[in-house]
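Please look over the sequence and the structure below before reading on.

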Amino acid sequence: MNWIFVGASTIAAQYMIGAVRAQAGQDVVWAVSGSPDRVAGWAERHVIPNATTDLAEALADHDASAVYISSTNEKHFAQAMAAISSGKHVLCEKPLALNQADALEMVAAARDAGVIFGTNHHLRCSGTHRAIRDLIASGRIGKVLSLRVHHAVHLPPNLQGWRINDAAAGGGVIPDITVHNADVARFLLGEDPKCVVAQMASSGMGEGVEDSAMSVWAMPSGAMVMSHESFTHRFAGNGLEVHGETGSIFAQSVMTQEPVGSVELVTEDGRETISCSPHSLYAQGVSDFTKATLGEGRPAADGIDGVKSLTVALAVREAARTGKRMDVDYEGVS
Ligand code: NDP
């Protein structure tokens, strides 16, 4: 399968070009960017044969059947809608859009066009998160009482652009990281947060957007979720804990792009280290997506997963803005 990459981005360069090339018989054949100056050099650097600033030109290539979108967030909607209407499968970066209505429209359009639509939530593709989900699903910790997600990191200097100073481009830690935490909670617990309380702050990096947030979510089962995300924490580490009636799971350094980290299960029998597959998160995501285009299974995170993670993040931001508890509104999301 040949891919069109829309967005000459860091994530494409660092992970996604390699993730496509790790699949047998797949390659990236177009780079599309908004900048004529950048796109030719970027394509050359990454050995991509075609470069353009005209998305329609790339979409007219009948030998390319998939589009990966990693532009800034405000561009995802229009680019995805164009790709879908040209009959291509679409793997779109999170957050899918700036609002729920646009995200829903993207998913509905893909459904109507009969193409596969995925959201690039990489964490649920990791060996660690899949092992944790299996521990929970197989009853090793009993009824889940709570999940604590520690995802306060230090945004590297090369990414301290639109994320920290451009609300119109979809900047802020909530659209950037809370969406991932929402997807992790949904993936691990198999249910959707129903209401949230939250606070947000600008703690040194954010200019006009929040760079830190803490929130507490109630799940339909009664489990509670605590989510902490930030761009300003240099030495906080990262991880998650899931606490159940008969056991607890401690996962360290697993909120990351690399196949690293550890998972331990603690029960009355003692502490057990859980072995986890060390595969690439992004290659796994592309592999799952590719299989879905062939009629096998579904993308690791599909369009509705992307709509729901965005919906939770927007509820967190609204709760933080208003100081009120917000119900997460999934009306029309299915
Ligand atoms: P970048 O800031 O690297 O790229 C975003 C856009 O900025 C590019 O499309 C490009 O525009 C422009 N750009 C990038 N570098 C430069 C530069 N040196 N000079 C001028 N313009 C530049 O964003 P990220 O890669 O961090 O994020 C892109 C998307 O991917 C976002 O939606 C983000 O949320 C998502 N993401 C997802 C991750 C995941 O693990 N799932 C991880 C990181 C990001 P143009 O294409 O027009 O040239």
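Which residues line the largest cavity? The lining consists of L91, T119, N120, H121, C125, G285, F289, P299, A300 and A301. This is a predicted model, in which local features need pLDDT of at least 70 and side-chain atom pairs count only at pLDDT 80 or more, while totals for chains, interfaces and linings use all residues. Residues are numbered from 1 along each chain as its sequence is written, and side-chain values use heavy atoms, with hydrogens and water left out.

Rolling a probe the size of a water molecule over the atoms shows where empty space is left. Here a cavity is a set of points, on a 1 Å grid over the protein atoms alone, where a 1.4 Å probe fits but cannot get out, whereas a pocket is an open set with protein on both sides within 12 Å along at least five of seven lines; lining residues have an atom within 4 Å of a point. Grid points are joined across faces, edges and corners, and a volume is the space filled by probe spheres set on the points. By this rule there is one cavity of 30 Å³ or more, and the volume of the largest cavity is about 40 Å³. Its lining divides into six nonpolar, four polar and no charged residues, where Ala, Val, Leu, Ile, Met, Phe, Trp, Tyr, Cys and Pro count as nonpolar, Asp, Glu, Lys and Arg as charged, and the others, Gly among them, as polar.

The largest pocket holds about 1,200 Å³ of space. It is lined by 46 residues, of which T10, I11, L159, W162 and R163 are the closest to its centre. The elements that give two or more residues to this lining are α1 (10-21), α4 (76-85), α7 (162-165) and α8 (173-189), helices being DSSP runs of H or I with at least four residues and strands runs of E with at least two, numbered from the N terminus. The most comes from α1, with four residues. By class, the lining of the largest pocket has 15 nonpolar, 24 polar and seven charged residues.

Turning to the ligand, 24 residues lie around it, and T10, S33, G34, N73 and Y282 come nearest; a residue is counted here if one of its heavy atoms lies within 4 Å. A polar backbone atom of G34 is 2.7 Å from an oxygen atom of the ligand, and a polar backbone atom of N120 is 2.8 Å from a nitrogen atom of the ligand. From H122, a polar side-chain atom lies 2.9 Å from a ligand oxygen.

How does helix α10 (residues 303-322) sit in the structure? At its start, a side-chain oxygen of D302 reaches to within 3.1 Å of the backbone nitrogen of I304, and α10 is followed by G323, whose phi is positive, near 75 degrees.

K94 and P95 are joined by a cis peptide bond with omega about -20 degrees, and P95 lies in the loop between β5 (89-92) and α5 (100-113). V47, although not a glycine, has a positive phi of about 55 degrees, and is found in the loop between α2 (36-45) and β3 (50-52); at 63% relative accessibility V47 counts as exposed (over 50%).

Note on methods: Polar contact = N/O pair within 3.5 Å; in protein donor to acceptor, adjacent residues only side chain to side chain. Buried < 20%, exposed > 50% of the residue type's maximum accessible area, 1.4 Å probe, protein only.
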